[in-house]
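Dear colleague,

Please find below the structure that I am handing over to you, followed by a summary of what was found in it. I would be grateful if you read the two side by side.

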Amino acid sequence: MIEVLEATYQEEYKVWLKFNSGESGIVDLEDLLHKYKAAASLVDKNEFKKFYLDGWPTLAWPCGFDVAPESLYERLTG
């Protein structure tokens, strides 16, 4: 099972991620902010920066939007 071990804000809508598989790198999530209504508030970069890893661990925001580890891993590795 893929898990996110670390997540660090980089710039714009990019986050550096480290996975339990050993891979790490930067993912750009800007397209998701325009695709999902629940992510609309994250267009404000101050709100975007408030992400955290929840108990699953999923990349999540206080507004209720989240992105599953598998989806993030796919974005990173293609």
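**Salt bridges**

Lys-14 and Glu-11 form a salt bridge, their closest N and O atoms being 3.8 Å apart; the term requires a side-chain nitrogen of Lys or Arg within 4 Å of a carboxyl oxygen of Asp or Glu. Lys-14 is partly exposed, with a relative accessible area of 26%, and Glu-11 is also partly exposed, at 45%. Here buried stands for under 20% relative accessible area, exposed for over 50%, and partly exposed for what lies in between, with a 1.4 Å probe and protein chains only.

Please note that this is a predicted model, in which local features need pLDDT of at least 70 and side-chain atom pairs count only at pLDDT 80 or more, while totals for chains, interfaces and linings use all residues. Residues are numbered from 1 along each chain as its sequence is written, and side-chain values use heavy atoms, with hydrogens and water left out.

By this rule there are five salt bridges. Another of them joins Glu-12 and Lys-45, at 3.4 Å from N to O. This pair links distant parts of the chain, 33 residues apart: Glu-12 belongs to the loop between β1 and β2, and Lys-45 to helix α2 (residues 45–48). Helices (H or I, at least four residues) and strands (E, at least two) are DSSP runs, numbered from the N terminus. Glu-47 forms a salt bridge with Lys-50, with 2.9 Å between the closest N and O atoms.

**The sheet**

Three strands make up an open antiparallel sheet in the order β1-β2-β3, where pairing requires at least two DSSP bridges between two strands. β1 (4–11) and β3 (24–28) are at the edges with a single partner strand each, so one side of each has no neighbour in the sheet. Between β2 (residues 14–19) and β3 there are five bridges, and Trp-16 has Ile-26 in β3 as its bridge partner.

Leaving aside residues up to four places away in sequence, Phe-65 touches, among others, Leu-32, Tyr-36 and Leu-42; contact means heavy atoms within 4.5 Å.

With kind regards
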